[in-house]
Amino acid sequence: MGALTGVASAQGDSGRAAAAKVDNPYSGAKVYVNPDWSAKAAAEPGGSKISNQPTGIWLDRIAAINGTGGAMGLRAHLDQALQQSGGSPTVVQLVVYDLPGRDCSALASNGELGPTEIDKYKTQFIDPIASILSESKYANSNLRIVTTIEIDSLPNLVTNTGSRPTATPQCDTMKANGNYVKGVGYALNKLGAIGNVYNYVDAGHHGWIGWDDNFNPSAQVIKEAATAEGSTVDKVAGIIVNTANYSTLKENNFTVNDSVNGTTVRQSKWVDWNKYVDELSFAQAFRQELVNVGFPSNIGALIDTSRNGWGGSARPSGPGAKTDVDTYVNGGRYDRRIHIGNWCNQAGAGLGERPKAAPASGIDAYVWMKPPGESDGSSSEIPNDEGKGFDRMCDPTYTGNPRNGNNPSGALANAPVSGHWFSAQFQELLKNAYPAL
């Protein structure tokens with residue numbers, strides 16, 4: 001389901017053009033296993049059961065391109081991927097994540113660039129990545145580079161701006177200056193010009209843009225970005241949903257069309273008038289919405305299933321009682337979060353479906369883009385040189401804000417800075433995996 005954009009326009013200095021883009025980069029391909037993550041996972045009790053799984057490589061600051069704190073840089077990963085490939089098509093999953101004014105609604109994932117530093121983003125972040133990926137050693141290889149473009153950005157321009165109760169001054173700033181749209185457009189244009197790069201734009205999750213008033217507007221913003229800074233919709237292979245999030249893949253015990261004693265499930269506190277109750281139905285519908293607004297009909301979707309399993313002893317075995325809609329939904333839902341807006345180091349979460357190509361109609365793959373065991377943010381303030389702030393949503397004692405319905409955060413205690421290894425979370429994910437390990 002990836003967009004077909006023909007043969008690479010440039011030939012590398014080996015004189016051999018990269019192969020034409022395939023419809024779905026994951027089909028018939030291996031997926032690269034990150035040795036840095038794999039070693040951490042394998043060192044954990046029980047971790048060897050999943051340490052051979054492919055996970056995303058997060059380029060979350062300029063320094064990450066060359067490698068930081070002992071972690072491998074981009075070239076080292078690509079060289080390792082060539083070795084792992086053994087000559088077979090191999091997908092390498094990159095998270096491109098350093099927009100100016102990054103994540104305007106959450107401090108834990110704030111970035112290093114200020115709201116106006118769009119030129120620095122282009123010249124010091126995107127250009128160097130594009131330059132490395134363009135080297136003939138990689139561009140004319142059997143690697144298929146999947147780029148997850150700027151999570152937590154474009155949907156914020158719809159849901160967290162203007163007169164909405166969920167608005168933040170930072171998101172209003174980013175909407176006004178246009179730098180999210182420009183930055184995403186620039187990344188899509190530069191990276192999408194490389195013959196073996198497949199851009200997937202982040203499209204939030206159903207608990208963020210699954211409502212009537214933000215579903216189509218989010219598609220429109222993605223279209224705006226995909227046609228900014230010289231980019232075209234053909235440079236988008238698809239979308240990714242649920243990146244680093246917890247929304248369950250498929251709720252089997254209730255549907256959005258159910259009603260209890262004449263009251264629709266949409267009226268329950270948990271669903272709250274959303275049109276979707278899980279990620280699979282949302283991803284398929286939002287993919288179609290993008291086609292409706294002008295994207296190619298064969299674009300695909302990825303779903304991050306790294307932490308949305310919700311297994312373990314708390315997993316309901318059947319539907320809730322039909323006393324009223326809340327009892328029915330809460331009794332049967334797999335997603336055990338206190339509120340669907342909770343996103344930081346969620347207690348009770350488990351590994352979800354293992355990475356898999358073409359698992360459902362319109363879906364290119366289930367992926368583990370967020371490496372299980374890496375923190376979403378620190379549960380108290382921790383000084384760092386990575387530009388990462390302290391967000392109260394990562395504090396287990398926090399009682400919430402309008403973006404999570406003023407509910408408790410549901411976060412685990414004693415968490416390190418985002419991206420750092422969080423052993424207690426890793427153990428929880430293993431314990432609550434579904435399907436079970």
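## Basis and polar contacts

A polar contact is a pair of N or O atoms within 3.5 Å; within protein, one must be able to donate a hydrogen and the other to accept it, and residues adjacent in sequence count only if both atoms are side-chain atoms. The model is predicted, with local features needing pLDDT of at least 70 and side-chain atom pairs counted only at pLDDT 80 or more, while totals for chains, interfaces and linings use all residues. Residues are numbered from 1 along each chain as its sequence is written, and side-chain values use heavy atoms, with hydrogens and water left out.

His-339 is located in the loop between α11 (325-332) and β10 (356-360); helices (H or I, at least four residues) and strands (E, at least two) are DSSP runs, numbered from the N terminus. The His-339 side chain reaches the backbone nitrogen of Gly-341 at 2.8 Å. Beyond neighbours within four places in sequence, His-339 is in contact (heavy atoms within 4.5 Å) with Trp-270, Arg-403, Asn-404, Gly-405 and Asn-407.

## Two threonines in loops

Thr-243 lies in the loop between β6 (238-241) and β7 (259-260). Thr-243 counts as buried because its relative accessibility is 9%; buried means under 20% relative accessible area, exposed over 50%, and partly exposed in between (1.4 Å probe, protein chains only). A polar contact of 2.9 Å links the side chains of Thr-243 and Asp-202. When neighbours within four places in sequence are set aside, the contacts of Thr-243 are Ile-151, Asp-202, Asp-304 and Met-369.

Thr-68 is placed in the loop between β2 (57-59) and α2 (74-85). With a relative accessible area of 23%, Thr-68 is partly exposed. Apart from neighbours within four places in sequence, Thr-68 is in contact with Arg-61 and Ala-63.

## Nonpolar cores

A nonpolar core is a set of buried Ala, Val, Leu, Ile, Met, Phe, Trp, Tyr and Cys residues joined through side-chain atoms within 4.5 Å. The largest has 71 residues, of which Leu-133, Leu-154 and Phe-286 touch the most other members. Helix α3 (residues 118-134) gives the largest share of this core, eight residues. Another core, of 17 residues, lies apart from it and includes Trp-58, Val-95, Tyr-97 and Tyr-198.

Leaving aside neighbours within four places in sequence, Phe-286 is in contact with Ala-203, Ile-209, Phe-215, Ser-218, Ala-219, Ile-222 and Ile-239.

## Backbone geometry

Most residues other than glycine have a negative phi, and most peptide bonds are trans. Glu-150, although not a glycine, has a positive phi of about 50°. This residue, Glu-150, sits in the loop between β4 (143-149) and α5 (156-159), and at 0% relative accessibility Glu-150 counts as buried.

Glu-229 also is a residue other than glycine with a positive phi, near 55°. Glu-229 belongs to the loop between α9 (212-226) and β6 and, at 31% relative accessibility, counts as partly exposed. The peptide bond from Tyr-434 to Pro-435 is cis, with omega near 0°, and Pro-435 is in the segment after α12 (423-431).
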